[in-house]
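Please look through the sequence and the coordinates shown below before reading on. The report that follows takes up the core, the fold, the rings and the confidence in turn.

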Amino acid sequence: GEEEQDTEQIEMKTYLLLFFSSMILPLNSEHGISMIGETPTPVMDTVCEGSVTLYDSYGSHTVVTEDVNEMSAVVIERALMEGCGCFTLHSMTNFRGRNCFLRTTGEHSRVEIGFGRVRSVRRVDC
């Protein structure tokens with residue numbers, strides 16, 4: 001009768017809810033694996049590997065990938081930022097003095113930077 005139809009409708013709604021939930025939930029896995037299709041695909045943690053290379057007028061260069069709080073006075077002509085992450089260049093040691101925030105990859109001239117003598121470099125979040 002009518003009670004049997006109600007039970008069938010509830011069972012069908014429950015089945016559909018579970019069916020659609022099972023299609024959505026694996027995409028939001030908390031275990032670092034996304035389930036697309038039937039083959040688990042590991043989700044790689046992205047490692048930010050960026051650098052800034054400081055070039056002087058003699059053709060020498062210094063590559064920086066992490067904080068350097070005291071450098072010998074490098075008078076730079078240009079800086080080349082590669083990879084990900086951002087950096088600040090400082091005119092004094094221990095991240096003091098004038099500074100320039102490098103947020104885009106590519107080459108930055110001494111004029112763009114605003115000063116030539118770099119004494120410390122800090123890797124910062126963008």
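## The nonpolar core

Which residues have the most contacts inside the largest nonpolar core, and how many residues does that core have? In this predicted model, the core has 16 residues, and those with the most contacts inside it are Val-52, Leu-54, Leu-89, Val-118 and Val-121. At least two residues of this core come from each of strand 3 (51–56), strand 5 (74–82), strand 6 (86–90) and strand 7 (99–102), and strand 5 gives the most, with four residues.

The surroundings of Val-52 can be listed in detail. Once its neighbours within four places in sequence are left aside, Val-52 is in contact with Thr-62, Val-63, Val-64, Ala-79, Leu-80, Met-81, Phe-87, Leu-102 and Val-121.

## Overall fold and surface

The protein chain has two helices and 10 strands, and these elements follow one another from the N terminus in the order α-β-β-β-β-β-β-β-β-α-β-β. Where contacts join residues at least 6 apart in sequence, 61% of them link residues at least 24 apart.

Of the 126 residues in the protein chain, 25% count as buried.

## Rings and charges

The count of aromatic pairs comes to zero, but two arginines place a charged end over a ring. The charged end of Arg-78 sits over the ring of Tyr-55, at 3.8 Å from the ring centre, and the charged end of Arg-122 sits over the ring of Phe-95, likewise 3.8 Å from its centre.

## Ser-57 in its loop

Ser-57 belongs to the loop between strand 3 and strand 4 (61–64). Why does Ser-57 count as partly exposed? Its relative accessible area is 49%, and the class of partly exposed residues covers values between the 20% limit for buried and the 50% limit for exposed, so Ser-57 falls within that class.

Leaving out residues up to four places away in sequence, Ser-57 touches Val-75 and Glu-77. The C-alpha atoms of Ser-57 and Val-74 are separated by 9.9 Å, and these two residues are 17 residues apart along the chain.

## Confidence in the model

The mean pLDDT of the protein chain is 80, with 65% of its residues reaching 70 or more. Over residues 21–36 pLDDT stays under 50, and for this stretch the model has 17 contacts beyond four places in sequence.

Methods: Residues are numbered from 1 along each chain as its sequence is written. This is a predicted model: local features need pLDDT of at least 70, side-chain atom pairs count only at pLDDT 80 or more; totals for chains, interfaces and linings use all residues. Side-chain values use heavy atoms; hydrogens and water are left out. Buried means under 20% relative accessible area, exposed over 50%, partly exposed in between (1.4 Å probe, protein chains only). Contact means heavy atoms within 4.5 Å. A nonpolar core is a set of buried Ala, Val, Leu, Ile, Met, Phe, Trp, Tyr and Cys residues joined through side-chain atoms within 4.5 Å. Rings of Phe, Tyr and Trp (its six-membered ring) pair if their centres lie within 6.5 Å; planes under 30 degrees apart count as stacked, over 60 as edge-to-face and the rest as tilted. A charge sits over a ring if NZ of Lys or CZ of Arg is within 6 Å of the ring centre and within 35 degrees of the ring normal. pLDDT is the predictor's confidence in each residue, from 0 to 100.
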